[in-house]
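Hello,

Here is the structure I promised to pass on to you. Have a look at it, and then read on for what turned up.

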Amino acid sequence: MNFDFESRINRRGTSCYKWDFDKRLTRREGLLPFWVADMDFRVAPMIEEALKKRLDHGIFGYTARPESLDEALIGWFSRRHKWNIKASEILETPGIVPFIHMFLQEFTSPGDTVIIQEPVYYPFRKAIVNNNRKVAVNQLLKDENGSWTMDLDGLSRFIDESGAKTLIFCSPHNPVGRVWREEELLNLADLCRAKDVTVVSDEIHADLVHSGYRHIPWLSLPEERLPRSLALVSATKTFNIPGLTTAFAIVPDPEFRLGCQSMLTALGLGEGSSSPLSYAAAEAAWREGEPWLEALLEKIDKNDLLLRERLTDELPGVLPGNLEGTYLEWLHMDYPGNLWKKLLDEGLWLSRGSDFGRSGEGYMRMNIACPSTQLEEGIDMMVRAL
Ligand SMILES: Cc1ncc(COP(=O)(O)O)c(C=O)c1O
């Protein structure tokens with residue numbers, strides 16, 4: 001099947017966060033954006049068809065989550081990730097970020113310490129700070145091959161010193177692009193189990209894994225090795241439908257699940273917190289979207305290669321990390337001055353590395369999920385600016 005990843009679709013004027021908010025967020029206009037993590041590709045035709053079919057029906061009344069969506073979710077994770085999820089383990093949430101906020105309110109107390117591993121997706125830190133909890137950062141370490149690893153000795157000491165009982169884990173890891181290996185996951189599980197630390201495993205990037213790597217779902221590790229855990233999954237990142245919000249918490253432990261369910265119920269978020277269009281899109285994605293995803297992964301690999309080749313030839317001072325997962329390049333760009341502004345002045349809008357934690361200083365994150373001509377233009381701007 002052929003899918004179009006090269007047409008440039010004008011997203012301006014759709015209240016698009018990525019394209020329409022440059023003046024408000026950067027005080028500049030007409031920027032070429034490579035920042036927020038959504039893709040400039042049209043959705044898979046199977047999703048568009050499902051949405052059209054649902055639209056044609058013409059009535060959009062109160063809608064509860066269909067059982068067929070749970071079946072599609074279960075089928076997807078079993079086929080793609082060898083992870084067997086039971087229907088009873090699935091809880092619905094309006095989004096992963098809202099879930100993390102709610103979770104912290106329910107399962108921690110003000111003043112408690114919550115661990116994250118920076119550089120990491122910055123809403124993790126925000127969720128902790130917004131809820132008056134303390135952020136404890138176990139920094140990821142960069143090894144001699146430029147690969148990022150978890151500092152488990154540091155984490156162990158840290159848990160002992162801070163008394164933290166919650167870890168928000170990112171797998172695959174945004175922004176450094178790591179796909180954690182089984183051994184790393186098992187070591188983390190052993191440590192957290194021994195120290196009674198609950199793990200919230202955010203796996204929104206699970207499907208965006210490049211050839212030679214395999215995402216291992218946290219909850220597919222042997223049960224007897226796991227601490228109290230839940231995983232957060234969604235079709236929105238993989239299939240570029242984050243505006244059609246749906247997300248799911250998978251919570252195998254019945255008591256823990258009951259706690260999570262009560263938390264959702266107390267907030268008035270029962271079954272059916274999304275819209276009929278969101279359900280239709282997610283179900284079509286998980287039922288029929290595999291060929292599109294395979295083509296997408298090839299396209300990202302091509303863009304990754306294009307970026308690397310041009311940087312090697314034209315900007316050897318900019319060093320991309322290993323892109324094992326995600327479509328987000330973590331670029332080491334150690335240039336003096338305010339580099340982010342310098343790039344903006346040239347029209348190029350990247351994510352500032354320091355937004356992902358202090359250890360992100362000297363880095364920029366570049367979203368390469370876009371048509372080749374757009375990526376080339378962005379690289380041209382980078383070359384001119386530097
Ligand atoms: C690691 C991670 N978690 C969660 C999200 C967003 O999740 P949601 O839109 O369901 O709140 C993103 C989006 O970039 C992400 O990278």
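Two residues count as in contact if their C-beta atoms, placed from the backbone, lie within 7 Å. Among contacts in the chain between residues at least 6 apart in sequence, 74% join residues at least 24 apart.

Before going further, please note that this is a predicted model: local features need pLDDT of at least 70, side-chain atom pairs count only at pLDDT 80 or more, and totals for chains, interfaces and linings use all residues. Residues are numbered from 1 along each chain as its sequence is written.

Of the chain's 386 residues, 43% are buried (20 or more other C-beta atoms within 10 Å of the residue's own, with C-beta atoms placed from the backbone). The C-alpha trace spans about 60 × 55 × 40 Å along its principal axes.

Leaving out residues up to four places away in sequence, Ile 100 touches Phe 124, Ala 127, Ile 168 and Val 200.

Finally, the ligand: 13 residues surround it, and the closest include Ala 37, Gly 95 and Tyr 121 (a residue counts if its C-beta atom, placed from the backbone, lies within 6 Å).

Enjoy exploring!

Definitions and conventions:
Buried ≥ 20, exposed ≤ 12 C-beta atoms within 10 Å, placed from the backbone.
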